[in-house]
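User: Good morning. I would like to go through this model with you. Could we begin with the terms?

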Amino acid sequence: MTGYGSGKKVSSIVLGCMRIAQMEHDQLGQLIHRCLETGINAFDHADIYRGGQSEANFGKILEEQPALRNQMFIQSKCGICRGMYDFSKNHILESVDGSLKRLHTDYLDLLILHRPDLLMEPEEVAEAFDILKKTGKVRSFGVSNMNMMQIELLQNYINDKLAVNQLQLSLAHTLMLDEGFNVNMPDVPGQMHTGGILDYCRLKGIGIQSWSPLQYGFIEGTFLGSEKYPELNARLDALAEKYNATSGAIAIAWILRIPGVVQAVIGTTKPDRITELSKAMNIKLTKKEWYELYLSAGNRIP
Ligand SMILES: NC(=O)c1ccc[n+]([C@@H]2O[C@H](COP(=O)([O-])OP(=O)(O)OC[C@H]3O[C@@H](n4cnc5c(N)ncnc54)[C@H](OP(=O)(O)O)[C@@H]3O)[C@@H](O)[C@H]2O)c1
């Protein structure tokens, strides 16, 4: 697909860089090259990942190999500070300058507001975005972990159309789907945890990026091979055999099968897992397979 306002093609799998700070320089170089070789050209950062160290380590690779930049779609996030969230104009502008410096690039393809700052003044966010756009520092904008009204409020002031909403979504974290299947049902799956964010984003053409697509809980561990999810793993393994792929690739293909969900942000630090997971971009599960996986994760439909 075309990468939002950037004019670049961008892959439906994004490499999340939250866990790369502990990697050796050469290992990180191999990971990045494996992504590009397997058709993954999008990279997700945040100013706070290991206090900026993740961006800095990635930036060292770009400093050494600047020709890689043109092949990449780089997004970063701002707005989370110690013990608070901050969408003030100064914070946004300073944060982007910091990310650009650490990443050794003069622009971000996409800037994402990381978590809602309920004390924000949307006029200030709009001013900051206008400056970033005019100076060429940021090409497109998005949000993360936001509900419908928070997006509406921001969009009312921002000149650019918000391009993405990055949300937690995996086979073991399906709140935005559960509420859709259980409208008007009295029990827990029917609770509107997200206020219909899936349909809202689809209606508005805001692409959903799924974060932690292979994790359960709040990034507690992967459900792949976990004793907590025997039925799910059995189903994933069977489909992996059918599609000549790994169970991880099937779990990512399951996410990408959901209309409106445009990208999965994976966080592996292993090049061989990148190769395996990249196959998900060419797997289209049938509707029946999709539902079977949803149910085998412990969900039900009324
Ligand atoms: N917007 C937000 O609020 C937010 C919050 C959290 C994360 N994120 C973004 O989402 C990205 C992905 O998050 P995540 O790292 O939790 O994603 P993930 O892809 O769900 O999990 C990756 C983790 O699972 C491990 N893993 C174990 N078995 C695996 C297998 N068979 N295949 C693949 N991975 C396996 C990986 O270890 P190995 O490295 O050993 O493979 C790695 O530690 C982050 O990097 C960040 O960019 C955004």
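Analyst: A crossover is called right-handed if, with the strands pointing away from the viewer, the path from the first strand over the helix to the second runs clockwise. Please note that this is a predicted model.

User: Which elements make a right-handed β-α-β unit with S7?

Analyst: Strand S7, helix H5 (residues 148–155) and strand S8 form that right-handed unit. S7 and S8 (residues 164–168) run parallel and are joined by two bridges. Serine 144 lies opposite glutamine 166 in S8.

User: And how many bridges join S6 to S7?

Analyst: Three bridges link strand S6 (residues 110–113) to S7, and these strands are also parallel. The chain passes from S6 through helix H4 (residues 122–134) to S7, in a right-handed β-α-β crossover. Leucine 113 stands opposite valine 143 in S7.

User: Are the residues on the two faces of S7 buried or exposed?

Analyst: They are buried on both faces: Phe141 and Val143 on one side, Gly142 and Ser144 on the other. In a regular strand, side chains alternate between the two faces of the sheet.

User: Changing topic, which residues are closest to the ligand?

Analyst: Gly16, Met18, Leu214, Gly267 and Thr268 are the closest of the 25 residues that surround the ligand. That shell divides into nine nonpolar, 12 polar and four charged residues.

User: One more: why does glutamate 37 count as exposed?

Analyst: Glutamate 37 counts as exposed because it has 12 C-beta neighbours inside 10 Å, and the cut-off for exposed is 12 or fewer. Glutamate 37 is found in helix H1 (residues 25–37).

Methods:
Residues numbered from 1 in each chain as written. Predicted model: local features only at pLDDT ≥ 70, side-chain atom pairs only at ≥ 80, totals over all residues. Buried ≥ 20, exposed ≤ 12 C-beta atoms within 10 Å, placed from the backbone. Helix = DSSP H or I, 4+ residues; strand = E, 2+ residues; numbered from the N terminus. Pairing = 2+ DSSP bridges. Near = placed C-beta within 6 Å. Nonpolar A, V, L, I, M, F, W, Y, C, P; charged D, E, K, R; others polar.
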